[in-house]
Amino acid sequence: MALYMLMGRYSTAAIRDIVESGSNREAAAAAAIEAAGGKLVGFYGMFGQEYNVAIIADVPSHAEYIGAVAPAIGSGVFEAYKTIPLYTAADVVKASKIAKRVAKAYKPPGK
């Protein structure tokens, strides 16, 4: 599984609709991510920032992540967004073992 953080800035219309309807956007995000085969890890609001929501998802691959977020992005709910791939300490431990193996095969330029 892979971790991704979506940081989004809700459109003015989306904020109005959320406030008027009382819609639980965390539940909506969880349902979308689960429908794509993943799991919602975290859903956080942020104030005073460029973005006002951060969603962390654990999904099998890029394809499931894109499938999970594409309907929301396509709906216009976000006026801006970005995705940040995340990694864990366990990923670093695994990567260090791979890096040691690769370092034996890698030759820098000029050598």
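Me: To start, is Arg9 buried, partly exposed or exposed, and what is its relative accessible area?

Reply: Arg9 is partly exposed, with a relative accessible area of 24%. Buried means under 20% relative accessible area, exposed means over 50%, and partly exposed lies in between, using a 1.4 Å probe and protein chains only. Please note that this is a predicted model, in which local features need pLDDT of at least 70 and side-chain atom pairs count only at pLDDT 80 or more, while totals for chains, interfaces and linings use all residues. Residues are numbered from 1 along each chain as its sequence is written, and side-chain values use heavy atoms, with hydrogens and water left out.

Me: Which side chain meets Arg9 in a salt bridge?

Reply: The partner is Glu79, at 2.8 Å from N to O. A salt bridge here is a side-chain nitrogen of Lys or Arg within 4 Å of a carboxyl oxygen of Asp or Glu. Arg9 lies in strand β1 and Glu79 in strand β4, so the pair ties together parts that are 70 residues apart in sequence. Strands are DSSP runs of E with at least two residues, helices are runs of H or I with at least four, and both are numbered from the N terminus. Glu79 is partly exposed too, at 48% relative accessible area.

Me: And which ring does Arg9 lie over?

Reply: Arg9 lies over the face of Tyr51, 5.8 Å from the ring centre. The criterion is NZ of Lys or CZ of Arg within 6 Å of the ring centre and within 35 degrees of the ring normal.

Me: How many salt bridges does the rule give?

Reply: The count is two.

Me: What about Tyr10 and Phe78, stacked or edge-to-face?

Reply: Tyr10 and Phe78 are stacked, at 5.4 Å centre to centre and 20° between the planes. Tyr10 lies in strand β1 and Phe78 in strand β4 (residues 78-86), so the pair ties together parts 68 residues apart in sequence. Tyr10 and Phe78 are buried.

Definitions and conventions:
Phe/Tyr/Trp six-rings, centres within 6.5 Å; stacked < 30°, edge-to-face > 60°.
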